[in-house]
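My notes follow in the order in which I looked things up.

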Amino acid sequence: MRAVVVTQPGGLDALQVTTVPMPEPQPGWVRIKVKAFGVNESEVTTRKGESDSEVTYRRIPGIEGVGVVDQADEDSGLRPGQQVATMMGCMGRSFDGSYAQYVTVPAGQVIPFETGLPWEVAGALPEMFQTAYGSLATGLGLQAGQTLLIRGGTSTVGLSAATIAKDLGATVLSTTRSPDRAEELRAVGVDHPLVDNGTITDQVRELMPDGVDAVLELVGCSVLADTFRTVRRHGTVCFTGALAGQWTIPDFTPFMIPNGVRLTSYAGEATDLPAQVFQQQLQAIADGRLKAPVAKVHHGLDQVRDAQADVEAGTTPGKHVVLLDD
């Protein structure tokens, strides 16, 4: 089969399209014929050699993908030809991932679904929606009628979270560092786009004097103290990402958290996105209630370099997807 292989870390030329043996599933694993996969920041990190020691080389990257079951144990509950998604669980890191015509993964991280949506739409969703849904449901317990602030709103997870929260019935505030991108936030249903210059408390409190009910923090520790000040007493901040690159706070003390404000985090896996929920999300997209923020569709493994270059540039909002036409 054809696959993209990183033999050793490097620039875009480290992504080599080559022929490799067809992977054979071990007991309890499933082989999937890949139809499409999203391209993620973590795969850029893997290619550069900046991931943690879990990542080993020679490696086929790719932390998510959609396709059809090619081979599975009878007791897995999966059948050949069935539409499935898979993500995370060390795929593309300590074992080979989805930048290939076929991938093998543990059956426990396979999510079956049925949809008539194009493969490139389904391929944009697994990791992005799992993270967004898990942050809102598990991390924040967001309810209809509540107010949500998304800090880092033009990221793929931020855009997805906005669509899910609006479908739930929440009022959404969301940030961007560029005034020119405010319309991108409105396009996915954001009620109040905010320009983030490092401090947004005054803007949020002008709109919500008592503070918001919930915050999805995607920018990271560099702004967390300011984020805390946007939340009402007994509101919750869920730390999910660190787009600014700072994952720790020097000399952290719990007393920096305002009285009565709750801090939690979310870092889930495929098992945190129930098949029923993923199916509902697909149906909501088909019905037009949710939007799949697809930035660009790249055709074939030979365009993976272009897709990663676009992800690094960060100039186009939404998910970059590679569609396998063969």
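**Entry 1: a helix on the sheet**

I began with helix α3, which lies across β8 (147–151), β11 (212–217), β12 and β13, and I noted that α3 runs at about 135° to β12. I keep in mind throughout that this is a predicted model. I then turned to α4, which lies across β8, β9 (171–176) and β11, and found that α4 runs at about 170° to β8.

**Entry 2: the sheet itself**

In what order do the strands of the open sheet stand? I read the order as β10-β9-β8-β11-β12-β13, six strands with parallel pairing. The edges are held by β10 (192–195) and β13 (262–265), each of which has a single partner strand, so one side of each is left without a neighbour in the sheet. Ignoring direction, I found neighbouring strands of this sheet turned by 20° against each other on average.

I looked in more detail at the pair β12 (residues 231–239) and β13, which run parallel and are joined by four bridges. Within β13, L263 is the residue that stands opposite V237.

Two packed helices are described by the angle between their axes and the distance between the axes.

Which residues of α3 and α8 meet? From α3 I listed P126, F129 and Y133, and from α8 I listed V277, F278, Q281 and I285. Sorted by class, this contact of α3 with α8 has six nonpolar residues, one polar residue and no charged ones.

**Entry 3: the second largest pocket**

Rolling a probe the size of a water molecule over the atoms shows where empty space is left. In the second largest pocket I found about 260 Å³ of space. There are 13 residues lining this pocket, and those closest to its centre are Y133, I164, D167, L168 and Q281.

Which helices each supply at least two residues of the lining? I noted α3, α4 (156–168) and α8, with the largest share, four residues, coming from α8. By class, the lining of the second largest pocket has nine nonpolar, two polar and two charged residues.

Notes: Residues numbered from 1 in each chain as written. Predicted model: local features only at pLDDT ≥ 70, side-chain atom pairs only at ≥ 80, totals over all residues. Heavy atoms only, no water. Contact = heavy atoms within 4.5 Å. Nonpolar A, V, L, I, M, F, W, Y, C, P; charged D, E, K, R; others polar. 1 Å grid on protein atoms, 1.4 Å probe; cavity = no way out; pocket = protein on both sides within 12 Å on 5 of 7 lines; lining within 4 Å. Points joined across faces, edges and corners; volume = space filled by probe spheres on them. Pairing = 2+ DSSP bridges. Axes fitted to C-alpha atoms, helices over the stretch in contact; angles between N-to-C directions.
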